[in-house]
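I opened this notebook to record what I looked up in the structure. The entries follow below.

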Amino acid sequence: MANAEKTSSGSDIDEKKRKRKLSNRESARRSRLKKQKMMEDTIHEISTLERRIKEYSERCKVARRRLDSLESENAGLRSVKTWLSSYVRDLENMMATTSLTLTQSGGDEQEANADGDCRRRPWQQYALSKMATGQLFSRTTQALFYNYKQLPVQRMLDFDFLCGRETPSVAGIINPGSEGFQKLFFGQEEIAIPVHAAIEAACAAHPTADVFINFASFRSAAASSMAALKQPTIKVVAIIAEGVPESDTKQLIAYARANNKVVIGPATVGGIQAGAFKIGDTAGTIDNIIQCKLYRPGSVGFVSKSGGMSNEMYNTVARVTDGIYEGIAIGGDVFPGSTLSDHILRFNNIPQIKMMVVLGELGGRDEYSLVEALKQGKVNKPVVAWVSGTCARLFKSEVQFGHAGAKSGGEMESAQAKNQALMDAGAIVPTSFEALESAIKETFDKLVEEGKVSPIKEVTPPQIPEDLSSAIKSGKVRAPTHIISTISDDRGEEPCYAGVPMSSIIEQGLGVGDVISLLWFKRSLPRYCTKFIEICIMLCADHGPCVSGAHNTIVTARAGKDLVSSLVSGLLTIGPRFGGAIDDAARYFKDACDRNLTPYEFVEGMKKKGIRVPGIGHRIKSRDNRDKRVELLQKFARSNFPSVKYMEYAVTVESYTLSKANNLVMNVDGAIGSLFLDLLAGSGMFTKQEIDEIVQIGYLNGLFVLARSIGLIGHTFDQKRLKQPLYRHPWEDVLYTK
């Protein structure tokens, strides 16, 4: 029994040893596969970087050949030569940073711990090979601006001018569905920036523009950003909108990293390279940019999640150092397109940047990728860091701060834990946000003492011309107006007609006649006056299809023309012979009545002058067939007007003319003209001078134009509805003669 037990025990031990060997072999196999995969990634990374250096080198050669071909004494080519020189410098700088990255990438041996586990984290797999490794912007960088907003575009152009750029940084604007040009200012010069209807068209028209600034709303930001990323010319996409769906953002990040492109945002203000290029509203107003010395490059690279705090930190950095070289706000969403560590690793490869400042916030674990980079020795420049949100522990429950990602999901995501981890990894972490400025100053001063930072020559930025509107508002200048308006005002919460708010007009139940009294006569006339105006409009709206105005409109409509063309063709016939005699009737009746002329003296005097009496005579109506419209107007006036002196005078003139011919009756022009004189004089609201001015200007003909427009529009619609063909006048209705 004892021997059997020993044999069984020995077998168990052998089985355990065998399983352990198999496990070790499997671990070794997995480790080899990981190392092989990492080696393949490194080879691919090196190949990509070598290809990029070759591409930059070829571009540099082409640019230099073109530069050498330009004659420096040719004044017309100086600006081109200056731009090419700057372009060559930028290419050389990109080659230098790419070569530096290649050296670091090629010399990076993959270490393994005792368990055979590869130390290279997923974030490291992308940091070099899947994202830009150096400078994103330069003095020649140009952008395409999606969903036009006047202020941020103008701020970009003002920054360009402040920095002394030769060319504007905004190459084109994309407004879906519209094309043309948008006028803006580049310094004192007014320029026209092309507007394109589609992203593809804009990229094709501006192949040198490699930055896409997306001001679309959160609803369409993802789709338009993806369309931009798929364009071969676009390298950087900045998404300003907040609230972009996280699933869409993840797709954008995956596509960008797989294609070596950079996404800044969503929920970002953008970024800036001092003295070279800025995105949209980054750094705020021109005054703030000048205060922060962003018109020329400094030595500090800055990255933050918050756009608002970025503006504050630019000021802080400028106070205690030589200023910002490049600043990026990655955005406050849970899944930013690029991370804090992505940009710190970029900054580490830019020779002009001597130190970095990081401003993180509680929530998420983005800062830990920076911790890993510091531990792995990927960053060899001083990093001053602070994670805000330490006050969160003072609250009894979990608090959501401003950004979507600013919410602690556990102890590791707290500001205290992140600050401690950054400090342990080698970053310079102050004791509080208030001490951050001192920490930045001490770090910079140390670099100066070590001779690592060269003094920067200060320059005086040019004066940005102030817009006329803001200068007028601040009382700095005064400018004459070009238009005077006394009848309406649309500057308040609602339009006003002659000082009467629109809501008041509706609430009081006023009609068209009241609106005409306000807009034409600048006062509220009595109800009988406005009612008379409305009656005139109704009675003169139309007079059948045979009168000249209606005929013209019908012919034009049947020719297939639009409403406005048809209406205008009819209105153009209004004049002394058709509908335009109201003013003349009022003018002559008033003059004769005021001078106490008898009907005989008035009519015979007009006859001697060779002038027909306006308002008298009709082609159809006669003594026995009076115009019903005239009778209705006279009846209303006798019942409602305080005085009908001018109308009665016109009636006596009609009696005299009827003694001469049966058709010399008062027509509607004469009735309206004489009664309007009674309206103006009897209301007591107009002076004699104002009445003369109203008649002289042509107010009364305006009534006929307004009224007849209703009928002409009706005739247009009638012909369109009936689908009438092109009108041709019949031969038998034409007298052909020599």
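I took a polar contact to be a pair of N or O atoms within 3.5 Å; within protein, one must be able to donate a hydrogen and the other to accept it, and residues adjacent in sequence count only if both atoms are side-chain atoms. The model is predicted: local features need pLDDT of at least 70, side-chain atom pairs count only at pLDDT 80 or more, and totals for chains, interfaces and linings use all residues. Residues are numbered from 1 along each chain as its sequence is written, and side-chain values use heavy atoms, with hydrogens and water left out.

Entry on threonine 321. I found threonine 321 in the loop between helix H9 (307-320) and strand S11 (324-329); helices (H or I, at least four residues) and strands (E, at least two) are DSSP runs, numbered from the N terminus. Its side chain reaches the backbone nitrogen of glycine 323 at 3.0 Å and the backbone oxygen of valine 317 at 2.6 Å.

I traced an open sheet of seven strands with mixed pairing, in the order S3-S4-S2-S1-S5-S6-S7; two strands pair if DSSP finds at least two bridges between them. Strand S3 (180-186) and strand S7 (262-264) are the edge strands, each pairing on one side only. Strands S1 (residues 142-146) and S2 (residues 170-174) run parallel and are joined by four bridges. Tyrosine 146 has isoleucine 174 in S2 as its bridge partner.
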